[in-house]
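Here is a short briefing for a reader new to this structure.

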Amino acid sequence: DPRKTTRDESKLTSFEKRNKELSILLDSKMVNYKVNDFLSTQSKNPFLLYLNYQDLHYPYHQKHMPNIFIDKPLTGNTLFLKKDTSLIFRQYANAASYLDSSINELIVILKEKNIFNDTIIVIVGDHPDSFYENGILGHAWTLDKYQRQTPLIVINGGELPKHATGQNDIASLILSYVDKSTTTIDNSYCANINGDELVFELTGEIEKPREIGFINRNSLIQYRFKSNDISFDSGRSWLTTDNLIEGSDEYNIFRDLLGCWESSLWIKHGS
């Protein structure tokens, strides 16, 4: 938790001074340091440990990172200019390299504690960032593939799912690896089309999302709150929801989509 980290104010950048409580300022190496401390006091009982590495968040560079893919980090307005897209991407790649070294460091720690072979590691991102492929820099704006598709990596686990998988599925996925008698993953699908199950997703906060949608390996259905329109063909064309015919397949999908979002709200707030 960066709020519990003591920092030398004289060494902070202006961005860091304005955002001292942001988790993006927490170095993944510091997270590993805390993990090592935790494991040193841990008994042999099974446990679940959730680590939230933040190095790949904007501005994609902190002063502790070595410059491997960049000569020097971009700062200020240059980190937004579309003409500098290739440089921004290299800065992101540089941060990814640093995070990769931290994940390797974590595995070394587990091996030194002689628990690596008994540890299931699941690595998943909650979002990627787009670099103007869709006219946008950053994340949480749209459900297109540039801000949606992330890796799912499993070490010492089992077979990966062959269907689209969302964050809501990760817990049951881990349980299926831990308990070999669990043969199916209890996915919380909200809808299906012709037997094809759809994963619910959103951008922004669940109380005020920018977009909500259904996804599977072959299609994306997305609804934009601000413009009140919906796409059934991965954003190639859009329809105003006021023009949907009640009882039609499109209308029923839209109704199920809103219902899934509302159900997620109820679950979050304990209703």
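The points below are grouped by topic.

This is a predicted model, in which local features need pLDDT of at least 70 and side-chain atom pairs count only at pLDDT 80 or more, while totals for chains, interfaces and linings use all residues. Residues are numbered from 1 along each chain as its sequence is written, and side-chain values use heavy atoms, with hydrogens and water left out.

**Largest pocket**
- The volume of the largest pocket is about 2000 Å³. A pocket is an open set of points on a 1 Å grid over the protein atoms alone, where a 1.4 Å probe fits, with protein on both sides within 12 Å along at least five of seven lines. The volume is the space filled by probe spheres set on the points, which are joined across faces, edges and corners.
- Its lining has 50 residues, and Leu 49, Leu 51, Ile 121, Val 122 and Ile 123 lie nearest the centre; a lining residue has an atom within 4 Å of a point.
- Two or more lining residues come from each of α2 (28-40), α3 (85-112), β1 (121-124) and α4 (170-178). Helices (H or I, at least four residues) and strands (E, at least two) are DSSP runs, numbered from the N terminus.
- The element that gives the most to this lining is α3, with seven residues.
- By type, the lining residues are 30 nonpolar, 13 polar and seven charged. Ala, Val, Leu, Ile, Met, Phe, Trp, Tyr, Cys and Pro count as nonpolar, Asp, Glu, Lys and Arg as charged, and the others, Gly among them, as polar.

**Helix α3**
- With 28 residues, α3 reaches 41 Å from its first C-alpha to its last, close to the 40 Å expected at 1.5 Å a residue. The expected span is 1.5 Å times one less than the number of residues.
- Asn 114 follows α3 and has a positive phi, near 60°.

**Largest nonpolar core**
- This core has 15 residues, of which Phe 200, Ile 212, Phe 214, Tyr 223, Ile 230, Leu 257 and Trp 261 touch the most other members. A nonpolar core is a set of buried Ala, Val, Leu, Ile, Met, Phe, Trp, Tyr and Cys residues joined through side-chain atoms within 4.5 Å.
- At least two core residues come from each of β6 (196-204), β7 (209-215), β8 (220-224) and α5 (249-268), and α5 supplies the largest share, six residues.

**Salt bridges**
- There are three salt bridges in the structure, each a side-chain nitrogen of Lys or Arg within 4 Å of a carboxyl oxygen of Asp or Glu.
- Asp 84 pairs with Lys 83 at 3.3 Å, N to O. Asp 84 is buried at 10% relative accessibility, whereas Lys 83 is exposed at 69%. Buried means under 20% relative accessible area, exposed over 50%, and partly exposed in between (1.4 Å probe, protein chains only).
- Asp 229 pairs with Arg 224 at 2.8 Å, N to O. Asp 229 is buried at 10% and Arg 224 is partly exposed at 26%.

**Backbone features**
- The peptide bond from Tyr 58 to Pro 59 is cis, with omega near 10°, and Pro 59 sits in the loop between α2 and α3.
- Tyr 132 is not a glycine, yet has a positive phi of about 70°.
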